[in-house]
Amino acid sequence: ELSGTNVGDIYSGIDTVRQFSEPSACVIKHLSPCGIAVGKDAQEALDRAVKADPVSAFGGVMVINKKMDQTAAKVIATFKNEKEGNVDIVAVPDITTDALELLKKVRKSMGIYTFGEIPNERSEKWDLKYFAGAVLLQDFDDDMEKSFKEWKVVTKNKPTEKQIELMKFGFKAVKAVRSNAVLVVDKEIPMTRGIGSGQTSRIGATKIALEQAADFAKEGILISDSFFPFDDSVKLAKEFGIGAILQQGGSLNDSASIEAANKAGIPMIFTGRRAFRH
């Protein structure tokens, strides 16, 4: 039986993967993603999402935006066997009979839920958050594709086309992470390598993401859901060997961050918009 936390995690996972037309997967813990990835099929997407942070994936909720077949289900079996990692919930649009039978053998207490095809249009008009005696009413942040055209390169060095594609993935992913949010995206493939979420300072979120990414931070892409108020995050990114940076811009100290990026030879793009999730 689903608990309230499980329901919240499933909905958070669906909201994360729904924005990708490609096969995508995420692992959710306590309403926040700990791994987000895109792949050529459900198996590759899920494998990448788990490998993004296998430690945090333990006891998590795994959500995919495509039908789960036995090949994808074997990712969970491998996670159980190699990492001794338990998965509490698997939520997918649909699942094949052989995949279902396999997962039943992996862990008997695992919850397996199907939610059908994710509609292109939301049935809800507003994103509601309930507090003691109050309701926060917000628009859904669903216009990412349109905002890509407004991005501006602000450094002497320009990002490569590959880096820009990974930035687009990262900017979609970061909006699913609780602010203050900073991600490190792999240098080659669309998957997270480090996630700093829910921090009260931008540098705090940056430090968590970079330290979690560790060696994968080298030549990776640093994604911020808003602007850097100081140049400290850029300087820290240099220490970890980050290859490119995406941030909102609009801070009074933008010039300091741009100067730090230029000194480090790191290309940086300003999105001109934030992607807060509260």
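Q: Which residues is Arg48 in contact with, leaving aside its neighbours within four places in sequence?
A: The model is predicted, so local features need pLDDT of at least 70, side-chain atom pairs count only at pLDDT 80 or more, and totals for chains, interfaces and linings use all residues. Residues are numbered from 1 along each chain as its sequence is written, and side-chain values use heavy atoms, without hydrogens and water. Contact means heavy atoms within 4.5 Å. With sequence neighbours within four places set aside, the partners of Arg48 are Ala37, Val38, Gly39, Ile189, Pro190 and Met191.

Q: Is Arg48 buried or exposed?
A: Arg48 lies in helix 2, residues 42–52; helices are DSSP runs (H or I, at least four residues) numbered from the N terminus. Buried means under 20% relative accessible area, exposed over 50%, and partly exposed in between (1.4 Å probe, protein chains only). Arg48 has a relative accessible area of 15%, so Arg48 is buried.

Q: How are helix 9 and helix 10 oriented to each other?
A: Axes are lines fitted to C-alpha atoms, for helices over the stretch in contact, with angles from 0 to 180 degrees between N-to-C directions. The axes of helix 9 (residues 232–239) and helix 10 (residues 254–264) come within 8 Å and cross at roughly 15°. Angles under 35 degrees count as roughly parallel, over 145 as roughly antiparallel, 65 to 115 as roughly perpendicular and the rest as oblique. Helix 9 is therefore, relative to helix 10, roughly parallel.

Terms used:
Helices (H or I, at least four residues) and strands (E, at least two) are DSSP runs, numbered from the N terminus.
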